[in-house]
Amino acid sequence: MASSEEDGTNGASEASDEKEATGKRRRLGFLATAWLTFYNIAMTAGWLVLAIAMVRFYMEKGTHRGLYKSIQKTLKFFQTFALLEVVHCLIGIVPTSVLVTGVQVSSRIFMVWLITHSIKPIQNEESVVLFLVSWTVTEITRYSFYTFSLLDHLPHFIKWARYNFFIILYPVGVAGELLTIYAALPYVKKSGMFSVRLPNKYNVSFDYYYFLLITMASYIPRLKPI
Ligand SMILES: CCCCCCCCCCCCC[C@@H](O)CC(=O)SCCNC(=O)CCNC(=O)[C@H](O)C(C)(C)COP(=O)(O)OP(=O)(O)OC[C@H]1O[C@@H](n2cnc3c(N)ncnc32)[C@H](O)[C@@H]1OP(=O)(O)O
């Protein structure tokens, strides 16, 4: 195999990658780079803690029943913290689209707080494990990718994982989310939770059951990974 010194091509492309990365950091500014590095390290660590807790739970109990309850605090904290990602786009320190990030983060927050947290009987559904595993592997890969990129030391495997894992993880995650919402439907219909019925003094009505059906339908344009 020809070395970069021999053919001159790899060396040139590495040098241009290096120049590009340095230029990007300079454009970003010291404070923004420091904050993003801290944020990405914290998020990688948070999702790693979650992964370890899930593996330990399963090894000790041999079942997924009770898993959500045991990890919910960590999940809620780190997934809610991800709202900062929308802020990062809004203030322009990351070049991702506000809309794409907003949809991604709000759908996750919705799953965490308005579905799994609020509807206790569905917490032991297998579908919850599907999206938990999918989100966890995705986020460990994604945040470590951003961290190593900012530090200019991106291992090949992390780069490969960032651009390939989603081929499996995205459909698994979406299936887990949709099946969990589907499992919630009977409880929502029976309890009438989060619904506002007429007559009332504001003359407005809202049916959470139909809202969930619309939410499920709104996944259709997003079946292609975002
Ligand atoms: C209230 C009711 C809500 C109802 C919702 C309606 C339903 C809608 C359906 C939604 C479906 C979502 C389902 C989803 O939850 C399922 C899953 O997630 S399953 C798990 C698998 N998922 C994935 O693989 C997606 C993972 N997510 C992402 O990749 C990102 O979150 C995304 C927002 C999609 C952005 O990705 P994109 O590839 O567009 O951007 P990049 O990552 O390449 O970033 C672009 C550039 O910005 C730099 N960047 C971004 N973030 C950071 C950061 N934190 N630190 C440093 N730099 C960052 C990045 O390096 C890129 O820079 P450059 O281009 O210069 O290299």
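**Around the ligand**

Modeller: Happy to, and keep in mind that this is a predicted model. Start with the helices: helix 3 (30-61), helix 6 (98-117), helix 7 (126-150) and helix 9 (166-191) each give at least two residues to the shell around the ligand. That shell holds 29 residues, and N40, R108, Y146, R162 and E177 come nearest to the ligand.

Now the polar side chains. Y146 has a polar side-chain atom 2.5 Å from an oxygen atom of the ligand. For T96, a polar side-chain atom lies 3.3 Å from a ligand oxygen, and for R142 an N or O atom of the side chain is 3.4 Å from an oxygen atom of the ligand. As for cover, the ligand taken alone exposes 1,400 Å², and the protein buries 80% of that.

Q79 sits in helix 4 (residues 67-81). Is Q79 buried or exposed? Q79 counts as buried because its relative accessibility is 2%, and the cut-off for buried is under 20%. Setting aside neighbours within four places in sequence, Q79 is in contact with W47, R108, I109, V112 and W135.

Next, the wider chain. The protein chain has 10 helices and zero strands, so you can read the pattern along the sequence as α-α-α-α-α-α-α-α-α-α, counting helices as DSSP runs. Among contacts in the protein chain with a separation of 6 or more, 69% are between residues 24 or more positions apart. Of the 226 residues, 35% are buried. The accessible surface of the chain is about 13,700 Å², and carbon and sulfur atoms account for 67% of it.

One thing from the records: an unreviewed UniProt entry puts the feature "transmembrane region" at residues 34-55, 75-93, 165-185 and 206-223. In the model, residues 34-55 are 100% helix and 0% strand, with the end C-alpha atoms 32 Å apart. Residues 206-223 come out at 56% helix and 0% strand, and their end C-alpha atoms are 27 Å apart.

How values were computed
Residues are numbered from 1 along each chain as its sequence is written. This is a predicted model: local features need pLDDT of at least 70, side-chain atom pairs count only at pLDDT 80 or more; totals for chains, interfaces and linings use all residues. Side-chain values use heavy atoms; hydrogens and water are left out. A residue is near a molecule or strand if one of its heavy atoms lies within 4 Å of it. A polar contact is a pair of N or O atoms within 3.5 Å; within protein, one must be able to donate a hydrogen and the other to accept it, and residues adjacent in sequence count only if both atoms are side-chain atoms. Accessible areas come from the Shrake-Rupley method with a 1.4 Å probe; for residues, only the protein chains shown count as cover. Helices (H or I, at least four residues) and strands (E, at least two) are DSSP runs, numbered from the N terminus. UniProt positions are given in the numbering used here, feature names are shortened, and annotations may be inferred rather than shown by experiment. Buried means under 20% relative accessible area, exposed over 50%, partly exposed in between (1.4 Å probe, protein chains only). Contact means heavy atoms within 4.5 Å.
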